[in-house]
Amino acid sequence: MENIAQVGFKAGLCALFILPIARALYLRISQSCSLPLPPGPPASPVGHHPAALVEQWIETYGPVISMHNADAVLVIVGRHEEALEIMEKNGACLADRPPSIAGGEILGRGMRFVQMRVGDRLRNFRKTAHAHLQLRSAQTYEPMQAFHARNAVLDILNEPSLHQRHIKRLPSVIFRVVYGKTTPTALDDPYLLQLQRMIPRIQSAMIPGAYLVDKYPLLRYVPGYGRDLKAWSEEEYSMLFGKLNWVRNEMAKNTAPHSITRDLLSRPEEHALSDGEMAYLSGSLIGAGSDTTAVAISTIIMAAAYFPHAQAKVQEELDTVIGRDSAPAFSDRHLLPQLQAFILEALRWRPVNPIGFPHRATKDIIWKGYRIPAGATVFGNHWAIGRDPAVYPDPETFNPQRWLDNDGRLKENMRLFTFGFGRRACPGTHVANRSMFIVTALILWSFKLSEDPSAPIDDMAFSKGVVSHQLPFAVCFDTRMEESKLRKILESYVEETEF
């Protein structure tokens, strides 16, 4: 046995190493707690703050601002460098979402992918989504994306006044990817109508402060409170399980096409997902992939009509590279930097998600002498970041050339955070980018877009919400060749096969 002297010596040796470490940790914590929050306006940290107003605050108070009230702290990042430093480099401690009783728990039953809290379920969802939406997988979806893009152009050719409704049918691609089936082309398809009815409900419930239960969680137990939310939840649950069971039944008959859902049902142990989780993961991919892509493409259409000179540059490139006897394809993508720059500028000009999605800090983040405390809600504001004059000079000017270098190639050092930040970035980036490219290429190759003189475009007419939808707007679509020739080229462009 060790004698008392030996024990005392070892204890003293441990203290020699442990005490300085403990003291350093204590000093770090106490110093951190004494640091101030970033400056900000005297506004409530709860509620919807319009993106344009946030931009004014950023210009007044600095690139990172805060609002606080009691224990509620809201931090908004509004400039490009700060987004890299805070949202990206500290992505590990901003991977969580703040609690959402209305949208996340009541409506989404804790399984809404975009609102999911950090934990095993989120890890399983992300692992599964990335496996099916990574670059290699996204490339295999290109034939069906080209097919549905062609159909959208033919729909616009037939009924140009309904262009926004035609674009909303492009989610047929993600339906095919997720469930192995597509929707009919009819505008009154029941499933499509149900989805379009549900998405605004979900997005409205995600707006901070939209429901009082998010501030007072006990309200969820009050009889009668949230009746609409619970009814919508039942409707969504029934729809998602209906689709899951449809795939399961097709598998039993050995007629199920390849799809993400079929893969989930075929290998449940590998994916470690319950039936409910599989249903909601599939539904989350449909909801996110369909709505945001449709909004992005409508923004690109609006920009083309609103900025004819920028549109003309893209069409000059299309005519030079592609010609007028065949339509652009995915293989042409690297040859069309003007077109890619136009897409990037349109998404910077009117971002799909202006305010960003909320993140929750899981530990203190120290930034330039300020403290973003653990538990704070943190937004990367896409509208303000995309108007950072240090990165995008003259930001209110629509200028796709800002994305190109002197040799006309896309700049490698410029970035747009369209798909989110850090570990909560959208896993469907590769699929969405390809959809935007092929639809934009085909539309601008086929038509010259312009404003309707009798109904000028209001470029600020967007709905409020986490995803900012265009209000109805008119565009004139003039074919860039004889209509008969255009139809012939498009109809032979790609055939529908078992993709």
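Okay, ground rules. Residues are numbered from 1 along each chain as its sequence is written, and side-chain values use heavy atoms, with hydrogens and water left out. Since it's a predicted model, local features need pLDDT of at least 70 and side-chain atom pairs count only at pLDDT 80 or more, while totals for chains, interfaces and linings use all residues.

Pockets, then. A pocket here is an open set of points on a 1 Å grid over the protein atoms alone, where a 1.4 Å probe fits, with protein on both sides within 12 Å along at least five of seven lines; lining residues have an atom within 4 Å of a point. The largest pocket comes out at about 860 Å³, the volume being the space filled by probe spheres set on points joined across faces, edges and corners. Its lining has 37 residues, with V46, P98, P99, P208 and T377 nearest the centre. β2 gives the most, four residues; strands are DSSP E runs of at least two, helices H or I runs of at least four, numbered from the N terminus.

The second largest pocket is about 620 Å³. Of its 22 lining residues, R333, Q340, L344, L410 and N433 sit closest to the centre, and α16 and α18 each supply at least two of the lining.

So what does α18 cross? That's α14: their axes, lines fitted to C-alpha atoms over the stretch in contact, come within 10 Å and cross at roughly 35 degrees, on a 0 to 180 scale between N-to-C directions. The contact (heavy atoms within 4.5 Å) includes I297 and I301 of α14 and M436 and V439 of α18.
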